[in-house]
Structure formats: C-alpha cells, structure tokens
Amino acid sequence: MPDETPGGALAEQRADQSVSARFTRLMNASTSRWGVLTDPPIVSLASGVFLFAFLGALGRDADPSVTRALGALIGAPIAVALAVSVALRGARRGVVAWLARQPFPVENLNAVLNGLGESLEVTFAGAVPDTAELNAELDKVHSDAFVTGGVEDARSLDVRIGVVDSKRNPSVTNHRRHVRVRQIVERVLVPLAARYPIQSVRVK
C-alpha cells in the first residue's frame, strides 16, 4: 500500500503533480527573499546607475583606478542575478517537499508563485470552526489576514491572505505572499485541523 501519510510517497507524488513541472524565474524568485535580485527591471536599474557613474567618471578625467572599478561594477548586478538564479534552481523541490508535509492538500500554489492569489478557500471535512476563534489565530500571523466569509458550501471559509501588491517592487510582494500563505497554513490551519479536520486548502 502506498504511504498516504504527510511526507509519504503518495503525498509527495500528489504534491509533485500539483505544481508546474518546471518553475519559471518568477516562480523561483517568489520562494526567496533574494529573488528580487533576479528581477530584470531591478538588474537594469542597478546596471544603469553604475553605467552613468562610469560615464561621469570618464567625463571628469577621474583616477583610472576609480574608472576601472566603476566599469567593473556595471556588470555586477547581472552577475549577482545569474548567481541567485542558479542558487534558486532547486526551489521546486523545496515547494514540493513542503506541500507533501502538510496533512491536507494545498491546491493552486502556482498562483502564489506567479504573484497571484488574494485568499485561501478552506474546506472542512465536517464541523466548521467559529469565525471569531479562527480570526484570533489569524491575527497572530498578521492583522490583515482574516476570514472574509463563507462560500457556496457551508463547510468552507474564505481566508484573506492580506498582502497588498506593490507596483514599485512586485517581486518583493510575491515573496511576502508566499511567506504569508505558508505562515497561515503552518501556524493556523495545521493546528486547527487537529480539532476541525480540513479536506483541502485552495488559493483563490
């Protein structure tokens, strides 16, 4: 019989099938605080700053050592981005391992990794916890995370993730959303499932 326990072979197989077979740069970046360093606009901006400084040094006949240093720094953001990208290649394995460890399926995590998702639809196998009780636990994670109401099935509740998108730095927002979802699952929903069994959690 396949091992259906959290972390078992069947749980890992289901987790593997629940996310994209290959992660994009954006998906890898969303799993790490350092992922922002691979964001093309950030890399371009940093390189541009060093380029203007280099051109300014040339125009002012600066010391050759300063000019050489600034010239070398032009390519530094690109080198850092490449190094971080290589380091994050194993992000998918970490995501699959995390999903497999949970005592219930966490579906559509692809949305979070792609910078989407505003709430979690939590479906219970039986009784549903009191909203006030659940909100008290969610507040320990963040004040912006709370129950927004039920859905069609009376056994389901919607939980707001509570991360506002940033137009200036979307990569940072993506990582924060990923972290917030994991915190809600690990710190609130997993302990809650011991008293109110959870059938599934789905990112909406």
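**Exercise 1: Asparagine 108**

Asparagine 108 is found in the loop between β1 and α7 (109–113); helices here are DSSP runs (H or I, at least four residues) and strands are DSSP runs (E, at least two), numbered from the N terminus. The model is a predicted one, in which local features need pLDDT of at least 70 and side-chain atom pairs count only at pLDDT 80 or more, while totals for chains, interfaces and linings use all residues. Residues are numbered from 1 along each chain as its sequence is written, and side-chain values use heavy atoms, with hydrogens and water left out.

Task. Determine whether asparagine 108 counts as buried, partly exposed or exposed, and state what phi it has.

Solution. Step one: buried means under 20% relative accessible area, exposed over 50%, and partly exposed in between (1.4 Å probe, protein chains only). Asparagine 108 has 28% relative accessibility and therefore counts as partly exposed. Step two: most residues other than glycine have a negative phi. The phi of asparagine 108 is near 60°, which is a positive value in a residue other than glycine.

**Exercise 2: Two helices**

Task. Describe how the axes of helix α3 (residues 40–59) and helix α5 (residues 76–87) cross, and identify which residues meet.

Solution. Step one: the two axes, of α3 and α5, come within 8 Å and cross at roughly 150°. Such axes are lines fitted to C-alpha atoms, for helices over the stretch in contact, and angles run from 0 to 180 degrees between N-to-C directions. Step two: angles under 35 degrees count as roughly parallel, over 145 as roughly antiparallel, 65 to 115 as roughly perpendicular and the rest as oblique. Helices α3 and α5 are therefore roughly antiparallel to each other. Step three: on the α3 side, Val43, Ala46, Ser47 and Phe50 meet Pro77, Ile78 and Ala81 of α5, contact being heavy atoms within 4.5 Å. By class, this contact has six nonpolar, one polar and no charged residues. Here Ala, Val, Leu, Ile, Met, Phe, Trp, Tyr, Cys and Pro count as nonpolar, Asp, Glu, Lys and Arg as charged, and the others, Gly among them, as polar.

**Exercise 3: Threonine 67**

Solution. Threonine 67 lies in helix α4 (residues 64–74).

**Exercise 4: Glutamate 12**

Task. Find where glutamate 12 lies and which residues glutamate 12 touches.

Solution. Glutamate 12 belongs to helix α1 and is partly exposed, its relative accessible area being 44%. Not counting residues up to four places away in sequence, glutamate 12 touches Val96 and Ala100. Although glutamate 12 and leucine 99 are 87 residues apart in sequence, their C-alpha atoms are 7.6 Å apart in space.

**Exercise 5: Leucine 26**

Task. Locate leucine 26 and list its contacts.

Solution. Leucine 26 is part of helix α2 (residues 25–30), and a relative accessible area of 25% makes leucine 26 partly exposed. Leaving aside neighbours within four places in sequence, leucine 26 is in contact with Leu113, Asn114 and Asn174.
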